[in-house]
Amino acid sequence: MPDALDASLPVDDTELVRILAADGSVAPTPAAEQYLPLVDALPDAELEQFYRDMVSIRAFDRQATLLQRQGQLALWPPSWGQEAAQVGSARAARTQDHVFPSYREHVVARIRGVDPVDIIRLMRGLTHGGWNPYDPKNGNTHIYTLVLGAQTLHATGLAMGLAFDGKSGSGDPDRDEAVIVYYGDGASSQGDVHESMVYAASFQAPEVFFLQNNQWAISVPVATQSRSPLFRRSAGYGIPSVQVDGNDVLASYAVTRASLDDARAGGGPRAIEAMTYRMGAHTTSDDPTKYRTTAEEQAWGRRDPIERMRAYLEGRGAGEAFFADAESEAQALADDTRVRTNALGGLEADQIFTNVYSEQHPLVEEERRWFHAYEASFEGGAS
């Protein structure tokens, strides 16, 4: 039976795209009907991969949180609760598409090929950016951006470049490229996001704005941020916009696949608001008990994206052996993360001077020499 949402949950059911109810049954909303063929075309192996992705990244996320508590990381932004929004959208992108995350899209990065320990290295302070977005193994995944909304400017610039260079709208889906950019409800109030939408709409950039509305911008609720659903903001710029149940991985996949296909084909930008919930803290420096109620957390907990997908797969005949294998795979990822993190060591002194400019710069070299002389001035040759 369809899930009965608490009246307190800010979901606009009249326009919301949902395919799976909270109990895992197929109960599409009227707005979801047009997307059902995309879901029907998914083979069992891909549906099961969605579940594997979500279970694995939750295990990784929990391990990373523990590592931060043990002093191995400076900070960690948990993604607990947002797995379906991220997995569905990431699996919807094509190989040639470009991905711009914010700083919580751990499973998006992993799906695209980024080594999860590269995210750990970033949060440990061992690297300027975490990974090289131009290395093919990283799947056109650009680096995390902690400056709220800044990545939307970067994404729009690249998307405009694709349009100018004729890399979209040719009618060849295997060649045409698009951009997907992730940001949150708090970032949606930043000027950078709105400026990006102005340019994307004006130049019909092949771009999908993917807003993960997890209901809280640290301690500020969405009700304070906006008096109307956030997907209407992008619609105000003439960008076709859809509100999707972000805890439904099938809805997230289908809407993102359709949106990216339209953008890639030359239809201009699209926007998606995924209604989800940050079950954990904003980061490990945050305490959500100071501003959230237990009742609210429990209400969203009943809509857990992993439990929803598990129930759906069980209804399709997936057996206990599959789920046990998925759990084993997730535990292996968590164990590998712990072992490799503990072996990372510290920061190489010269690292701070690399990749500041694309070519050597005399001022940077002067600072490098000063630093080495400063280090040598201490007893033992190190400060």
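Student: Which residues lie nearest the centre of the largest cavity?

Tutor: This is a predicted model. In it, Y183, M197, L211, L230 and S234 lie nearest the centre, and 14 residues line the cavity. The elements giving two or more residues to that lining are α7 (191-202), β3 (207-213), α9 (231-235) and β7 (270-275).

Student: Why is this space called a cavity?

Tutor: It is called a cavity because a 1.4 Å probe fits there but cannot get out. The largest cavity holds about 80 Å³ of space. A search of the whole structure, with a limit of 30 Å³ or more, finds one cavity.

Student: What kinds of residue make up the lining of the largest cavity?

Tutor: Nine are nonpolar, three are polar and two are charged. Tyr, Met and Leu count as nonpolar, so Y183, M197, L211 and L230 belong to that class.

Student: How do you know what span to expect of helix α6?

Tutor: The expected span is 1.5 Å times one less than the number of residues. Helix α6, residues 150-164, has 15 residues, for which 21 Å is expected. From its first C-alpha to its last, α6 reaches 22 Å, which is close to that value. Just after α6, G166 takes a positive phi of about 70°.

Student: Which residues of α6 are buried, and what do they pack against?

Tutor: The buried residues are A150, Q151, T152, A155, T156, A159, M160 and L162. They pack against β1 (98-100), β2 (179-184), α7 and β3.

Student: Why is V114 called buried?

Tutor: Buried means under 20% relative accessible area. V114 has 2%, so V114 is buried. This residue is found in the loop between α4 (106-112) and α5 (116-124).

Student: What is V114 in contact with, leaving aside its neighbours within four places in sequence?

Tutor: V114 is in contact with A109, W131, K137, N138 and T141. Contact here requires heavy atoms within 4.5 Å.

Student: How is the packing of α12 and α13 described?

Tutor: Two packed helices are described by the angle between their axes and the distance between the axes. For α12 (residues 305-315) and α13 (residues 320-342), the angle is about 145° and the axes are 10 Å apart.

Student: Which residues meet there, and what are their classes?

Tutor: R310, L313 and E314 in α12 meet E320, F322 and F323 in α13. By class, the contact has three nonpolar, no polar and three charged residues. Arg and Glu count as charged, so R310, E314 and E320 are the charged residues here.

Technical notes:
Residues are numbered from 1 along each chain as its sequence is written. This is a predicted model: local features need pLDDT of at least 70, side-chain atom pairs count only at pLDDT 80 or more; totals for chains, interfaces and linings use all residues. Side-chain values use heavy atoms; hydrogens and water are left out. On a 1 Å grid over the protein atoms alone, a cavity is a set of points where a 1.4 Å probe fits but cannot get out, and a pocket is an open set with protein on both sides within 12 Å along at least five of seven lines; lining residues have an atom within 4 Å of a point. Grid points are joined across faces, edges and corners, and a volume is the space filled by probe spheres set on the points. Helices (H or I, at least four residues) and strands (E, at least two) are DSSP runs, numbered from the N terminus. Buried means under 20% relative accessible area, exposed over 50%, partly exposed in between (1.4 Å probe, protein chains only). Axes are lines fitted to C-alpha atoms, for helices over the stretch in contact, and angles run from 0 to 180 degrees between N-to-C directions.
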